[in-house]
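Here is a friendly tour of one protein model, meant to be read with the structure open beside you. Have a look at it before reading on.

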Amino acid sequence: MSDMLKPSRRAFLRGSAAAAAGLTAAGAARANVPDPLITEVQDWAMSFGDGVDASPYGLPIQYESDVVRRNVEWLTADTTSSINFTPIHALDGTITPQGCAFERHHSGAIELRKEDYRLMINGLVDTPLVFSYADLERFPRENHVYFCECAANTGMEWAGAQLNGAQFTHGMIHNMEYTGVSLRTLLTEAGLEAAGDLSDKWVYVEGADASSNGRSIPMDKALDDVLVAFKANGEALRKEHGYPVRLVVPGWEGNMWVKWIRRIEVTANAVESREETSKYTDTLEDGTSRKWTWVMDAKSVITSPSPQAPITHGSGPLVITGLAWSGHGAITRVDVSKDGGKTWETARLAKPGEKMALTRFYLDTEWNGEDMLIQSRAMDETGYVQPTKHQLREVRGENSIYHNNCIQTWHIMPNGEAENVEVS
């Protein structure tokens, strides 16, 4: 198609009359060249399609079979204690389908029937209690959309550009609507008078899988917004996401979102388990480690164009899009740079940012085949601005694995392909 026949984004953005005229002209011009997909009867219009009972549980169409989770084989010794990545480069909007949402296991995803499920609350409570799944369903429910991000998301990029794809650099994240009972409700049911002053108390949560993954959570967070969840995106949790019940800890690192949760103990002190001492602490340049770094700081990434989502349509209108999030609250602004951070343009948020949830942003622009170094920079309601990798390294060096929320750069080449590069 010649440049004369290509629709211009600017035509759509002018006044309604001018836009209508532009559309009419463009359509008439295209009609001069017959398109067999319009002028000829196609196979799909010549016979019946599938009946309503062909797929009792709806599945993606075969043409989208590439939109799947992927792991990195060399990342761990065995897939039973490993992670896979959400295909964020192929998704739009903000809600992650459960079938695409990343997994992290410490001893594999277990099979646990609802009928066999039990949740104990013990420790410094007035009355130790054990709940069945049916018991949990009788308490008042809440619905909230939250992101869950592994603390190691982008962790392989500390020392330089490593993995060529947004799915692999930033795909340890999902964003789903969770349904469940507030942890505050269950703790209140057990009674907290025996705990005395709650300002220095903790809860220790433990999973039912073989790893017995457990984390300590300060009582003020436990009584704030933590959810004991049994649904995601309107349906039962998937096995890999903790069926039948998991913990949801909004804005905090994913390791604290204990799956197959079986026990909540009210304690006088943090337990300081393996997952909060030798793991999930941030090693600094001098060898010491930052402790209790639970909150996921403001972060963003351009998902398209990106290495797995190159520009294939040639010159002209281009939509640059991505995701932003913050464990401190709502995203209020995202800027996009096309020249490696020299200049910035404010992107359009698909809707106002929501607390501890993903925000979709768009920059509608033009691309004429030039090299670009595209970046995004998120800001949240606290005023926090996403840092460059250089700024992070000045504080933390390169020894860390966790909490890398630096600005990401994709190099867009004249042929539309993209690669992961470092501009720090």
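## What you are looking at

Please keep in mind that this is a predicted model.

## The largest pocket

Let us start with the open spaces. The largest pocket has a volume of about 400 Å³. Its lining is made up of 18 residues, and those closest to the centre are Thr76, Arg104, Ala152, Ile401 and Tyr402.

Next comes the second largest pocket, with a volume of about 340 Å³. It is lined by 18 residues, and Pro60, Val67, Pro97, Gly99 and Cys100 are the closest to its centre. The lining of the second largest pocket splits into nine nonpolar, six polar and three charged residues.

Now for the rings: the structure holds nine aromatic pairs. One of them joins Phe85 and Phe168, whose ring centres are 5.7 Å apart; their planes stand at 70 degrees, so the pair is edge-to-face. This pair links distant parts of the chain, as Phe85 belongs to strand S2 (residues 84-85) and Phe168 to helix H5 (residues 166-170), 83 residues apart.

Are these two partners buried or exposed? Phe85 has 0% relative accessibility, so it counts as buried. Phe168 has a relative accessible area of 17%, and because buried means under 20%, Phe168 is buried as well.

## The tryptophans

Another aromatic pair is formed by Trp202 and Trp294, and it is edge-to-face too, with 6.1 Å from centre to centre and 65 degrees between the planes. Here again, distant parts of the chain are linked: Trp202 lies in strand S7 (residues 202-207), while Trp294 lies in the loop between strand S14 (289-290) and strand S15 (299-304), 92 residues apart. Both Trp202 and Trp294 are buried.

Which residues do ring pairs link into a cluster with Trp202? The cluster consists of Trp202, Trp252, Trp292 and Trp294.

Notes:
Residues are numbered from 1 along each chain as its sequence is written. This is a predicted model: local features need pLDDT of at least 70, side-chain atom pairs count only at pLDDT 80 or more; totals for chains, interfaces and linings use all residues. Side-chain values use heavy atoms; hydrogens and water are left out. On a 1 Å grid over the protein atoms alone, a cavity is a set of points where a 1.4 Å probe fits but cannot get out, and a pocket is an open set with protein on both sides within 12 Å along at least five of seven lines; lining residues have an atom within 4 Å of a point. Grid points are joined across faces, edges and corners, and a volume is the space filled by probe spheres set on the points. Ala, Val, Leu, Ile, Met, Phe, Trp, Tyr, Cys and Pro count as nonpolar, Asp, Glu, Lys and Arg as charged, and the others, Gly among them, as polar. Rings of Phe, Tyr and Trp (its six-membered ring) pair if their centres lie within 6.5 Å; planes under 30 degrees apart count as stacked, over 60 as edge-to-face and the rest as tilted. Helices (H or I, at least four residues) and strands (E, at least two) are DSSP runs, numbered from the N terminus. Buried means under 20% relative accessible area, exposed over 50%, partly exposed in between (1.4 Å probe, protein chains only).
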